[in-house]
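Reader: I have a chain open in my viewer and some questions about it. Can we go through them one at a time?

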Amino acid sequence: MLLGIILSIVAGMAMSVQGVMNTRLGEGIGNTEANAFVQATALVMALIVLLFWRQGSFTQLGQVNKLYWLGGVLGIVITLAVMLGIKSLGTTLAISVILISQLLVAALIDAFGLMGSEKVAFGWNKYVGLALMTGGMLVFKFR
């Protein structure tokens with residue numbers, strides 16, 4: 001569990017830094033150009049990692065639900081949306097909205113057991129938590 005927490009913290013930190021870096025790159029070369037460059041460098045890095053660390057086989061790709069193949073498409077949507085959100089709202093507000101949105105969608109995935117996830121109850125306390133986060137974001141924005 002501790003490793004999961006540490007890796008989640010690292011991922012959150014990296015996502016915030018990456019969002020700003022991609023936004024600044026987009027300001028310099030254009031948003032779609034920056035998105036293409038970011039995705040291309042991610043592909044190169046993924047291939048390099050694949051050379052040294054393999055956990056499965058591409059031969060099993062046909063056995064996986066075809067819907068899950070669209071994860072890469074979402075990567076493009078995420079990168080562009082984060083860049084444009086940060087450019088429009090600023091880093092802190094954009095990341096706050098992103099986090100709240102992520103939590104809400106993750107809670108819905110858990111509550112309904114979507115995409116093979118185990119169902120996890122979404123009680124009133126979780127609604128209160130999301131409301132508090134939203135209130136905190138609004139206080140931060142309009143202070």
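Reader: Is Q102 buried, partly exposed or exposed?
Author: This is a predicted model. The relative accessible area of Q102 is 38%. Buried means under 20% and exposed means over 50%. That value falls in between, so Q102 is partly exposed.

Reader: Which element holds Q102, and how far is its C-alpha atom from that of T23?
Author: Q102 sits in helix α4. T23 is 79 residues away from Q102 along the chain. Between their C-alpha atoms the separation is 20 Å.

Reader: Which residues are closest to the centre of the largest pocket?
Author: The largest pocket has a volume of about 460 Å³. Its lining counts 20 residues. The closest to the centre are M15, I78, V82, I98 and Q102.

Reader: Which element gives the largest share of that lining?
Author: Three helices each supply at least two residues of the lining of the largest pocket: α1 (2-29), α3 (71-89) and α4. The largest share is eight residues. That share comes from α3.

Reader: How many charged residues does the lining of the largest pocket have?
Author: By class, 12 residues of this lining are nonpolar. Another eight are polar. The count of charged residues is therefore none, with Asp, Glu, Lys and Arg taken as charged.

Reader: What is the class make-up of the lining of the second largest pocket?
Author: The second largest pocket holds about 160 Å³ of space. Among the residues lining it are D110, K126, F122 and L130. Helices α4 and α5 each supply at least two residues of this lining. By class it divides into eight nonpolar, one polar and two charged.

Reader: Which element gives the most to the largest nonpolar core?
Author: This core has six residues: L93, I100, A107, F122, L130 and M137. The elements that give two or more residues to it are α4 and α5. With three residues, the one that gives the most is α4.

Reader: Which residues does I100 contact, leaving aside its neighbours within four places in sequence?
Author: I100 is one of the residues of the largest nonpolar core. L130 and M137 belong to that core as well. Beyond its sequence neighbours, I100 is in contact with L130, M133, T134 and M137.

Reader: Is F122 buried or exposed?
Author: F122 has a relative accessible area of 18%. The cut-off for buried is under 20%. F122 therefore counts as buried.

Reader: How many aromatic pairs are there, and what is the geometry of F122 with Y127?
Author: A search of the whole structure finds one aromatic pair. The ring centres of F122 and Y127 are 4.4 Å apart. Their planes stand at 85°, and over 60 degrees counts as edge-to-face. The geometry is therefore edge-to-face.

Reader: Where does E118 lie, and is it buried or exposed?
Author: E118 is in the loop between α4 (91-112) and α5 (124-141). Leaving aside neighbours within four places in sequence, E118 is in contact with D110 and G113. Its relative accessible area is 66%. Over 50% counts as exposed, so E118 is exposed.

Reader: Is N35 buried or exposed, and what does it contact beyond four places in sequence?
Author: N35 lies in helix α2 (residues 31-52). Its relative accessibility is 6%, under the 20% cut-off, so N35 counts as buried. Leaving aside neighbours within four places, its contacts are I76, T79 and L80.

Reader: How many helices and strands does the chain have?
Author: From the N terminus on, the elements run α-α-α-α-α. The totals are five helices and zero strands.

Reader: What percentage of the residues of the chain count as buried?
Author: The C-alpha atoms fill a box of roughly 50 × 45 × 30 Å along the principal axes. The chain has 143 residues. The part that counts as buried is 16%.

Reader: What share of the contacts with a separation of 6 or more comes from residues 24 or more positions apart?
Author: The count takes in contacts in the chain with a separation of 6 or more. Residues 24 or more positions apart account for 58%.

Technical notes: Residues are numbered from 1 along each chain as its sequence is written. This is a predicted model: local features need pLDDT of at least 70, side-chain atom pairs count only at pLDDT 80 or more; totals for chains, interfaces and linings use all residues. Side-chain values use heavy atoms; hydrogens and water are left out. Helices (H or I, at least four residues) and strands (E, at least two) are DSSP runs, numbered from the N terminus. Buried means under 20% relative accessible area, exposed over 50%, partly exposed in between (1.4 Å probe, protein chains only). Contact means heavy atoms within 4.5 Å. A nonpolar core is a set of buried Ala, Val, Leu, Ile, Met, Phe, Trp, Tyr and Cys residues joined through side-chain atoms within 4.5 Å. Rings of Phe, Tyr and Trp (its six-membered ring) pair if their centres lie within 6.5 Å; planes under 30 degrees apart count as stacked, over 60 as edge-to-face and the rest as tilted. On a 1 Å grid over the protein atoms alone, a cavity is a set of points where a 1.4 Å probe fits but cannot get out, and a pocket is an open set with protein on both sides within 12 Å along at least five of seven lines; lining residues have an atom within 4 Å of a point. Grid points are joined across faces, edges and corners, and a volume is the space filled by probe spheres set on the points.
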